[in-house]
Amino acid sequence: NIPDTDKLYDVCSSVALQAIRGGFDILPICKYVRQHKNDAQFMIIARGSNKAIATFKRSLKCEGLSSNVTVTGHVKRETYLKGIKSSKVYVSPKYEEGWGIAVCEAMSCGTPVVVYDLPAYEIFGDAIVRVPIGDRLALAKASLDLLSNQKRRNEMSQKSKKIAAKFDWNQIANTELSIISKLCTT
């Protein structure tokens, strides 16, 4: 229910700064995109220890990305969703995923999504862009491709919203209630 906003960021990502969660993979992606789009702006919602966040910020500075990247720590849900909605592309560099709630949230915001090709994301079909696991260059190129193609972003936005609507919490709760009710009456 967050209203649409101007696109302040080119790329948004919410990352956990742990190796298996792919958080540090976002750095070369930002670097590549910025090399091809000098004014690119990124919003990174980073979770991790104080040490990991400090290391992440130092890495941004070393790569000359500090002026292009806004790093937040934990934010309120509304701020998180506003950040996604104010971005042109959402990138999830995770190496493993149980379901993909963050990806589905980005889709429901109408923000095109680029991810590593994990089995958990198969349910989203072609509403997201999937690249080989660990291929940071492919993730960066796919992100840049979307940034360069407004028409494709619009098409993906509409498709994403339609797919994500199937996973509405209220709809899921009503379906579960219906199943439980039927079990209780038999």
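## Close-up views

**View A. Surroundings of D10.** D10 touches K37, D39, A40, Q41, S87, K88, V89 and L147, with residues up to four places away in sequence not counted; contact means heavy atoms within 4.5 Å. The model is a predicted one, in which local features need pLDDT of at least 70, side-chain atom pairs count only at pLDDT 80 or more, and totals for chains, interfaces and linings use all residues. Residues are numbered from 1 along each chain as its sequence is written, and side-chain values use heavy atoms, with hydrogens and water left out. D10 belongs to strand β1; helices (H or I, at least four residues) and strands (E, at least two) are DSSP runs, numbered from the N terminus. With a relative accessible area of 5%, D10 is buried. Here buried means under 20% relative accessible area, exposed over 50%, and partly exposed in between (1.4 Å probe, protein chains only). The side chains of D10 and K37 are joined by a polar contact of 3.3 Å. A polar contact is a pair of N or O atoms within 3.5 Å; within protein, one must be able to donate a hydrogen and the other to accept it, and residues adjacent in sequence count only if both atoms are side-chain atoms.

**View B. A40 in the loop between α1 and β2.** The loop that holds A40 runs between α1 (26–36) and β2 (42–47). A40 is buried, its relative accessible area being 0%. Apart from neighbours within four places in sequence, the contacts of A40 are D10, V33, R34 and N68. L65 is 25 residues from A40 along the chain, and their C-alpha atoms are separated by 9.9 Å.

**View C. The open sheet of 6 strands.** The strand order is β3-β2-β1-β4-β5-β6, and the pairing is parallel; two strands pair if DSSP finds at least two bridges between them. At the edges stand β3 (69–72) and β6 (129–131), each with a single partner strand, so one side of each has no neighbour in the sheet. From one strand to the next, the twist averages 20°. β1 and β4 are paired over 3 bridges in the parallel sense, and Y9 stands opposite S87 in β4. β4 and β5 run parallel and are joined by 3 bridges, with V113 of β5 as the bridge partner of Y90. β5 also pairs with β6 over 3 bridges in the parallel sense; there V115 has R130 of β6 as its bridge partner. In β4, 5 of the 6 residues are buried, so this strand is largely enclosed by the rest of the structure.

**View D. Helices α1 and α5 on the sheet.** α1 lies across β1, β2, β3 and β4 and runs at about 175° to β2. Axes are lines fitted to C-alpha atoms, for helices over the stretch in contact, and angles run from 0 to 180 degrees between N-to-C directions. α5 touches β1, β4, β5 and β6, and its direction makes about 170° with that of β5. I26, L27, I29, C30, Y32, V33 and R34 are buried in α1. The buried residues of α1 pack against β1, β2, α2 (50–62), β3, β4 and α5.

**View E. S143 in helix α5.** S143 counts as buried, at 0% relative accessibility. A polar atom of the S143 side chain lies 2.8 Å from the backbone oxygen of L139. When neighbours within four places in sequence are left aside, S143 is in contact with I29, V33, V89, V91 and V114.

**View F. The crossing of α5 and α6.** The axes of α5 (residues 136–147) and α6 (residues 150–164) come within 6 Å and cross at roughly 100°. The two helices are therefore roughly perpendicular to each other; angles of 65 to 115 degrees count as roughly perpendicular, under 35 as roughly parallel, over 145 as roughly antiparallel, and the rest as oblique. D145, L146 and L147 of α5 make the contact with Q150, R152, R153 and M156 of α6. By class, this contact has 3 nonpolar, 1 polar and 3 charged residues. Ala, Val, Leu, Ile, Met, Phe, Trp, Tyr, Cys and Pro count as nonpolar, Asp, Glu, Lys and Arg as charged, and the others, Gly among them, as polar.

**View G. Helix α4 and its cover.** In α4 (residues 101–108), 6 of the 8 residues are buried, and the helix is mostly covered. The buried residues are A102, V103, C104, E105, A106 and M107. They pack against β1 (9–16), α3 (77–85), β4 (87–92), β5 (113–116) and α6. After α4 comes G110, with a positive phi near 80°.
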